[in-house]
Amino acid sequence: METFLPAILSDLLGRSISYLVQRYRQQSTVQDDLEKLRLALVRVHVTVEEAEARHITNKAMLRQLDVLREAMYSGYHMLDALTYRAHADGASFSFAPSRLNAAKRLRLLAADEGAAELRRTVDSLGRTIADMREFVVFLKGYPRISTQPYSMHLLLDKLMFGRQKEVEQVVGFLLQPDVCGAGAGVLHIVGVARVGKSTLVEHVCHDERVRGRFSSIVCLSREDLEDMGDHRALTVKHGSHASHGSSLVVVDLAEDEEPVGDGAWRRLRSSAMCRARGSRIIVTSRSPETVRGIPAARAIELKFLRDDVYWYFFKVLAFGSANPDDHPRLASIAMDISAEQKGGFIGATIASSLMRANPDAHYWTLILKNMREYTRKHRAMFGKHPHDLLRNNHPVYLWRLAESSKIFLCHGFYTACPAKQEIPRVTFQEVLSGRVTPRGRFEVLAWTSQIPPCRSYLMSCSLDTPPGPHRVLDRKKRLRQLVT
């Protein structure tokens with residue numbers, strides 16, 4: 001027995017030493033792969049920025065640029081998830097999974113699995129870099145179109161982010177050759193509220209290739225579509241009412257749910273501006289059912305940005321000109337806040353402005369805590385995420401950073417044009433932070449877009465006092481009554 005115990009202890013000690021040596025080697029390999037990932041991302045990022053600053057017309061080159069962008073966003077997502085989480089947890093390295101994508105998170109449940117995922121990402125980027133050598137050579141043959149400012153957050157505030165692929169799809173449709181006798185081609189752009197349909201179309205309408213293709217660009221609302229007689233009331237973005245030749249007609253049904261009658265579509269397609277050879281029609285709406293009367297319409301479904309792309313976007317807005325690598329703890333919190341946004345552009349602008357104003361870990365944690373509680377309560381009461389409720393104009397309760405005995409209720413979003421309507425001076429950020437506490441029913445400015453069509457997004461809100469202690473048992477019913 002005396003000789004048996006030392007043998008067991010010796011075996012256990014040997015296994016422990018072997019395990020520690022293996023873990024040390026694995027850690028060294030992981031650190032090497034992280035450094036390789038950083039260097040590979042620098043090369044890809046430089047190539048993407050150079051390509052975006054040139055006027056590329058070749059479709060194959062544009063597709064390869066999309067591949068490079070996706071590889072870059074995915075790589076940065078991996079690098080940030082591993083690096084920032086490690087610093088936040090106080091460890092030398094950690095494979096803690098990011099909450100950035102609830103459905104497709106990295107699922108690094110163990111170090112071995114995480115190391116394998118990192119290795120696959122590094123290998124994939126290596127193949128991408130090897131494949132882009134000819135791309136870089138051909139890139140030099142295209143002229144430059146712009147120079148980017150030094151502060152990326154200033155640039156993002158004034159451009160349409162993450163929609164390059166959709167822009168080229170729409171432009172490709174508009175510039176394609178005519179089919180004899182086919183009439184005006186129709187493209188349907190569909191997507192949920194505030195996903196960027198009108199912004200995409202506006203961006204395309206300002207494209208020099210499109211303006212050079214059509215003699216006029218005309219915008220129609222549902223009312224214009226149903227009354228095609230008064231052409232003087234139509235909005236002309238390019239050309240004039242008297243323009244002859246092909247026309248691009250944009251029909252904006254983004255705020256409507258009811259289908260348009262077949263008669264209105266027939267009148268549109270038989271109108272003079274749509275009969276001209278080479279004319280095109282773009283229709284924007286929330287549902288395909290809205291344009292079911294249009295035969296053989298091509299469709300593009302506009303979705304919110306992928307989680308890794310959205311994180312790249314949100315990170316730049318949240319940190320502004322600061323470097324997230326210098327603030328890994330804040331970056332880790334920002335990843336969780338980004339996950340709570342569900343891809344919303346307005347939410348990203350609101351949250352990031354609060355975060356930039358006070359770059360403090362305790363303050364950012366308070367924002368995250370309030371957002372998670374806000375989500376949990378709405379899922380419990382309505383079975384849906386509050387952002388999904390807002391996109392369907394369903395009233396929701398809103399989180400506030402300031403302690404208050406009042407319930408802050410949002411009744412819905414609507415848009416306004418600053419050039420034509422008076423915009424509220426009180427901002428949504430001021431109400432959330434507690435700097436302003438309005439009374440009764442009021443309107444606040446959530447965000448004013450800096451890119452065409454430069455719309456302001458307003459929220460109709462109210463404050464209410466919660467029910468007293470004697471009605472605690474009926475609280476859920478009472479809360480439902482407040483939003484119906």
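A residue is called buried when its relative accessible area is under 20%, exposed when that area is over 50%, and partly exposed in between. With that in mind, please look at Phe408, which counts as buried because its relative accessibility is 3%. Good morning, everyone, and thank you for coming.

The structure before you is a predicted model. I therefore begin with its confidence, given as pLDDT, the predictor's confidence in each residue on a scale from 0 to 100. The protein chain has a mean pLDDT of 76, and 73% of its residues reach 70 or more. Confidence is highest in helix H13, residues 328-340, with a mean of 92, and lowest in helix H18, residues 475-482, with a mean of 46. Over residues 466-484 the pLDDT is below 50, and this stretch has 25 contacts in the model beyond near neighbours in sequence. Residues 90-111 also stay under 50, and the model gives them 54 contacts beyond four places in sequence.

Let us now return to Phe408 and its surroundings. Which strand holds Phe408? Phe408 lies in strand S8, which spans residues 407-416. Seven of the 10 residues of S8 are buried, so the strand is largely enclosed by the rest of the structure. Strand S8 is joined by two bridges to strand S7, residues 396-397, and the two run antiparallel. Within this pairing, Val396 has Cys410 of S8 as its bridge partner.

The next topic is aromatic rings. A pair of such rings is described by the distance of the centres and the angle of the planes. The count for this model comes to 12 aromatic pairs. One of the pairs is formed by Phe408 and Phe428, with 6.2 Å from centre to centre and 40° between the planes, a tilted arrangement. Phe428 belongs to helix H17, residues 428-433, and the pair links distant parts of the chain, 20 residues apart. Phe428 is buried as well, at a relative accessible area of 7%.

Phe408 has another ring partner, Phe442. How far apart are the ring centres of Phe408 and Phe442? Their centres are 6.0 Å apart and their planes stand at 10°, so this pair is stacked. Here the cut-off matters, because planes under 30 degrees apart count as stacked. Phe442 lies in strand S9, residues 441-448, so the pair ties S8 to a part of the chain 34 residues away in sequence. Both Phe408 and Phe442 are buried.

Elsewhere, Tyr73, Tyr76, Phe161, Tyr310, Tyr312, Phe313, Phe314 and Phe345 make up one aromatic cluster. The charged end of Arg280 sits over the ring of Phe173, 5.8 Å from its centre. Arg213 lies over the face of Phe214, at 5.1 Å from the ring centre.

Is S2 enclosed or open? Five of its five residues are buried, so S2 is largely enclosed by the rest of the structure. In a regular strand the side chains alternate between the two faces of the sheet. In S2, Ser216, Val218 and Leu220 point one way, whereas Ile217 and Cys219 point the other way, and all are buried. S2 runs parallel to strand S4, residues 247-253, and five bridges join them.

My last topic is salt bridges. Side chains of opposite charge can pair when their charged atoms come close. The count here is 20 salt bridges. Glu373 and Arg376 form one of them, with the closest N and O atoms 2.6 Å apart. Both residues lie in helix H15, residues 361-382, three residues apart, about one turn of the helix. Glu373 is partly exposed at 32% relative accessibility, and Arg376 is partly exposed at 48%.

Glu50 and Arg54 meet at 2.8 Å, N to O; Glu50 is partly exposed at 26%, while Arg54 is buried at 15%. Asp308 and Arg306 have their closest N and O atoms 2.9 Å apart. Finally, Asp33, Arg119 and Asp123 are linked in a network of salt bridges.

Thank you for your attention.

Notes:
Residues numbered from 1 in each chain as written. Predicted model: local features only at pLDDT ≥ 70, side-chain atom pairs only at ≥ 80, totals over all residues. Heavy atoms only, no water. Helix = DSSP H or I, 4+ residues; strand = E, 2+ residues; numbered from the N terminus. Contact = heavy atoms within 4.5 Å. Salt bridge = Lys/Arg side-chain N within 4 Å of Asp/Glu carboxyl O. Buried < 20%, exposed > 50% of the residue type's maximum accessible area, 1.4 Å probe, protein only. Pairing = 2+ DSSP bridges. Phe/Tyr/Trp six-rings, centres within 6.5 Å; stacked < 30°, edge-to-face > 60°. Lys NZ or Arg CZ within 6 Å of the ring centre and 35° of its normal.
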